[in-house]
Amino acid sequence: MRVRIVLIVLLFTNFVVYTQDLTNNQKLWLSNYTFVKLNSRFSIDNFYVTSYDLHKNNRFGFAQTDLGLNYRFNKRIRFFIAYSFSQFRFLNSYYKRYDREPNSMGYMGFHRFGFGTQYSYKINRNFRVLNKVVAQLYTPRLQKYKYRYMHVFTLNYRHRKLPFKLRPFAQSFLYYYSGGFNYDYKNEEGEVDSAPPNGLHRYRVRFGFSFKPVPNMKLLTLKAYYGFQQEFNTPWGNDLNVKRIGTYTGNMFTDMKFNNYTIWGLQLNLIL
């Protein structure tokens with residue numbers, strides 16, 4: 001009971017913090033997840049997501065494909081490796097940052113390699129907790145990071161009497177950035193040092209549910225969710241969202257702006 005109360009308080013605290021800094025950025029994520037069990041130990045999965053900016057007349061944001069290989073160590077512990085390919089809408093800043101042109105569709109591709117572990121357990125017959133730790137490498141590097149470390153906490157609820165096998169869930173994500181592009185920062189002595197914006201800089205929270213639209217089709221599940229993301233600074237790392245003065249114009253501008261937005265998501269799951 002104590003664990004359940006603590007989890008509820010943490011999720012509620014995250015929601016209150018978010019409502020104090022609402023953003024107009026609205027995104028729609030449409031995704032598909034396919035899981036294939038190879039044997040009692042190994043499985044593979046594929047995740048594909050496309051993002052659209054609702055506040056920009058449904059403008060394309062990015063598309064990403066993930067391929068993963070999973071190893072089931074025991075009932076609670078799983079290890080995995082993954083490769084991802086993402087295509088982002090090409091921005092003018094990419095010309096200077098990467099010295100390359102957009103592809104024929106007007107996008108730029110990024111590769112990501114990752115590995116991690118997952119630990120799950122039951123609180124009781126209705127609640128299940130999942131903890132996941134992931135390390136990722138991006139090439140080419142993104143503006144804010146080349147290496148990204150992530151912790152994912154998931155709380156699932158199930159009850160056999162709910163219609164369509166409805167299963168509510170809540171998730172929180174915490175991200176650490178490392179190895180991005182160098183920027184000038186003042187150290188404690190007031191001198192300027194060039195360094196990447198390393199540190200804890202992002203959290204994301206999602207609330208939703210999954211259900212079986214066709215009860216007789218055990219392999220097919222739909223998931224719907226609402227979420228929000230916020231970036232932030234801490235005293236233990238270099239800052240994002242820094243106010244700077246242009247070298248040539250002398251005008252004030254914000255560098256590495258916080259990427260805050262809300263998410264509306266719909267996902268199709270296929271478990272084979």
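Begin with Ile 44. Ile 44 is partly exposed, because its relative accessibility is 36%; buried means under 20% relative accessible area, exposed over 50%, and partly exposed in between, with a 1.4 Å probe and protein chains only.

Before moving on, note that this is a predicted model, where local features need pLDDT of at least 70 and side-chain atom pairs count only at pLDDT 80 or more, while totals for chains, interfaces and linings use all residues. Residues are numbered from 1 along each chain as its sequence is written, and side-chain values use heavy atoms, with hydrogens and water left out.

**Stop 1: the nonpolar patch**

Patch members have over 30% relative accessible area and no salt bridge; like charges are joined within 9 Å, and nonpolar side chains (Val, Leu, Ile, Met, Phe, Trp, Tyr) within 5 Å. Areas come from the Shrake-Rupley method with a 1.4 Å probe, and for residues only the protein chains shown count as cover.

**Stop 2: the positive patch**

Now select Lys 37, Arg 41, Arg 72, Lys 75, Arg 76, Lys 122, Arg 158, Lys 165, Arg 167 and Lys 218. They make up a positive surface patch. Lys and Arg count as positive, Asp and Glu as negative; His and the chain ends are not counted. Each charge is placed at NZ of Lys, CZ of Arg, CG of Asp or CD of Glu. Zoom in on Arg 72. With 39% relative accessibility, Arg 72 counts as partly exposed.

**Stop 3**

Switch to the cartoon view. Ile 44 belongs to strand 2, residues 42–53. Arg 72 belongs to strand 3, residues 59–72. Strands (E, at least two residues) and helices (H or I, at least four) are DSSP runs, numbered from the N terminus.

How many bridges join strand 2 to strand 3? There are twelve, and the two strands run antiparallel. Two strands pair if DSSP finds at least two bridges between them. Select Asp 45: Gly 68 in strand 3 stands opposite. Then go to the hairpin of strand 2 and strand 3, which has five residues between the strands; Asn 57 takes a positive phi near 60° there.

Next comes strand 4, residues 77–89, which pairs with strand 3 in the antiparallel sense over eleven bridges. Pick Phe 62 and find its bridge partner, Phe 88, in strand 4.

**Stop 4: the salt bridges**

The model has five salt bridges, each a side-chain nitrogen of Lys or Arg within 4 Å of a carboxyl oxygen of Asp or Glu.

Select Asp 53 and Lys 27. Their closest N and O atoms are 2.8 Å apart. Asp 53 is in strand 2 and Lys 27 in strand 1 (residues 26–37), 26 residues apart. Asp 53 counts as buried, at 3% relative accessibility. Lys 27 counts as buried too, at 13%.

Move to Asp 66 and Arg 112, whose salt bridge spans 3.5 Å, N to O. Asp 66 lies in strand 3 and Arg 112 in strand 5 (residues 107–122), so this pair ties together parts 46 residues apart in sequence.

Finish at Asp 255 and Arg 244, joined by a salt bridge of 3.2 Å, N to O. Both are buried.
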